[in-house]
Amino acid sequence: MLFQVEMTVKLPTDMPTEQAAKIKATEKAYSQDLQRQGKWRHLWRVAGSYSNVSIFDVEDNAELQELVSNLPLFPYMEITVKPLCRHPSSVRDDDS
């Protein structure tokens with residue numbers, strides 16, 4: 001199943017710089033591993049904000065919940081999820 005996931009990060013302004021850097025590094029490693037596995041198919045930054053729009057390719061809602069809730073930045077995120085399905089006019093074979 002494909003899902004569009006929009007994530008906006010809102011770190012506390014009083015979070016120590018070192019702590020924020022450590023969380024961000026752990027987040028990067030985790031997200032890149034999911035991308036290599038094919039679970040996190042696309043990742044785009046939203047210009048001008050600490051946000052992204054992503055496409056996840058997972059078995060079901062439960063797997064998406066598990067992956068997203070394990071993001072190190074999850075406690076500091078506002079997340080919107082939209083399930084996606086193949087458009088009948090699509091010419092791409094890999095978007096199901």
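**Salt bridges in close-up**

**Close-up 1. Lys-82 is partly exposed, with a relative accessible area of 38%.** This is a predicted model, and here we zoom in on the salt bridge that Lys-82 makes with the side chain of Glu-6, at 3.7 Å from N to O. Glu-6 belongs to strand 1 (residues 2-9) and Lys-82 to strand 4 (residues 77-84), so the pair ties together parts that sit 76 residues apart in sequence. Glu-6 is partly exposed as well, at 29% relative accessible area.

**Close-up 2. Lys-10 and Glu-78 pair up in a salt bridge.** Their closest N and O atoms are 3.1 Å apart. Lys-10 comes from the loop between strand 1 and helix 1 (17-37), while Glu-78 is in strand 4, so this contact ties together parts 68 residues apart in sequence. Lys-10 has a relative accessible area of 48%, which makes it partly exposed. Glu-78 counts as partly exposed too, at 47% relative accessibility.

**Close-up 3. Lys-39 meets Glu-63 in a salt bridge.** From N to O, the two side chains are 2.7 Å apart. Distant parts of the chain are linked here: Lys-39 is in the loop between helix 1 and strand 2 (40-45), and Glu-63 is in helix 2 (residues 61-69), 24 residues apart. Are these two residues buried or exposed? Both Lys-39 and Glu-63 are buried.

**Close-up 4. Stepping back, the structure holds four salt bridges.** Among them are Glu-6 with Lys-82, Lys-10 with Glu-78 and Lys-39 with Glu-63. As a rule, side chains of opposite charge can pair when their charged atoms come close.

Definitions and conventions:
Residues are numbered from 1 along each chain as its sequence is written. This is a predicted model: local features need pLDDT of at least 70, side-chain atom pairs count only at pLDDT 80 or more; totals for chains, interfaces and linings use all residues. Side-chain values use heavy atoms; hydrogens and water are left out. Helices (H or I, at least four residues) and strands (E, at least two) are DSSP runs, numbered from the N terminus. Buried means under 20% relative accessible area, exposed over 50%, partly exposed in between (1.4 Å probe, protein chains only).
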